Amino acid sequence: MASVFVANLFMGNVESNTSSSLTMTGDATATCWSCGTMRAVHFCSACGKVQPPVPVDYFTFFGLSRKLNLNTALLEREFYELSRKLHPDLCARADKREQEWSLEQSSLLNDAYRTLKDPIKRTEYLLRLEGVELEEQSKAATEKARAAGEIKKQVVPPDLLEEVFELNMQLEELRAQKKLGEDDPALVEEIGRQKLELEEKYESLSEELKKYWDEWDRLPGNATEEGRRKVRDKMVDLLNRRSYIRNLVRDVSEVLEG
Ligand SMILES: [Zn+2]
């Protein structure tokens, strides 16, 4: 049973269109600590015992290739199956080390699942694996703004420049009005309308992101670095726009409710 499960997992079962999905690391082909047979990543394929965790990325943990379109229903199923099998309290686990490994593997499993099931976290994770420093990038933008004497602010996405400029002026106006204990209902309504538009834009970014997932997943195995970077840049740009809009909506809400 255990061996069937492991075999399934490493056939790239979670994602049906992968044939070359498995990236075996050197350690993953080591022998089982218990019976000496060739082990698989999580369990020995022969005796089923839990193996010491191997440092692998979350995709590899689930036997997946670095693709972004992912069948989350199947991922969930694999997660529950693995959770059950890796459970540290499983009474069959007499060996103290095996218990510890179960614990470590379970925690790795939880992290991997939480990251991969979420579309945004999955995208960010893949970008990080690809060497994109998302935090570094926004930190650099912040420092640049600071050096230029601007208030700590994210760089405005070019397609939002005009809108944001206008909206900021209106927010200033409303803040000033509120200080005087009055607010113009027409202005409140106008700002509310723009907030709604921003929220719609935010939602539509998910659809746009899926287009880039397709582009990424369609890249051939021998794609050039240039080709890969092009798709990565589109995703980074989208994630930046997304977080910019999210912060902006939060600011608008604060002024409206303040
Ligand atoms: Zn074994």
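Axes here are lines fitted to C-alpha atoms, for helices over the stretch in contact, and the angles between N-to-C directions run from 0 to 180 degrees. Helices (H or I, at least four residues) and strands (E, at least two) are DSSP runs, numbered from the N terminus. The model is a predicted one: local features need pLDDT of at least 70, side-chain atom pairs count only at pLDDT 80 or more, and totals for chains, interfaces and linings use all residues. Residue numbers start from 1 along each chain, as its sequence is written.

To start with the overall picture, the protein has nine helices and zero strands, so the pattern read along the sequence is simply α-α-α-α-α-α-α-α-α, given how helices are defined.

Two packed helices are described by the angle between their axes and the distance between the axes. For α7 (residues 161-179) and α8 (residues 185-218), the axes come within 10 Å and cross at roughly 140°. This crossing is left-handed, that is, the near helix is turned anticlockwise from the far one by less than a right angle (clockwise would be right-handed). On the α7 side, L167, Q170, L171, E173 and L174 meet L187, V188, E190, I191 and Q194 of α8. That contact divides into six nonpolar, two polar and two charged residues, where Ala, Val, Leu, Ile, Met, Phe, Trp, Tyr, Cys and Pro are nonpolar, Asp, Glu, Lys and Arg are charged, and the others, Gly among them, are polar. Helix α7 itself has 19 residues and reaches 27 Å from first C-alpha to last, close to the expected 27 Å; the expected span is 1.5 Å times one less than the number of residues. Just after α7, G181 takes a positive phi of about 75°.

Next come α3 (residues 72-86) and α4 (residues 96-117), with axes that come within 10 Å and cross at roughly 170°. The two are therefore roughly antiparallel (over 145 degrees; under 35 is roughly parallel, 65 to 115 roughly perpendicular, and the rest oblique). Here T72, L75, E76, F79, L82, S83 and L86 in α3 meet S102, Q105, S106, L109, Y113, L116 and K117 in α4. By class, that makes seven nonpolar, five polar and two charged residues. Also in α3 is E78, which counts as buried because it has 21 C-beta neighbours inside 10 Å. The C-alpha atoms of E78 and Y113 are 9.4 Å apart, although 35 residues separate the two along the chain.

Finally, α5 (residues 119-129) and α9 (residues 225-257) have axes that come within 11 Å and cross at roughly 130°, which makes α5 oblique to α9. Their crossing is left-handed. T123, E124 and L127 in α5 meet R232, M235, V236 and L239 in α9, a contact with four nonpolar, one polar and two charged residues. Helix α9 has 33 residues and reaches 47 Å from its first C-alpha to its last, close to the 48 Å expected. Its buried residues are V231, M235, V236, L239, R241, Y244, I245, L248 and V252.

Key: Contact = placed C-beta atoms within 7 Å. Buried ≥ 20, exposed ≤ 12 C-beta atoms within 10 Å, placed from the backbone.
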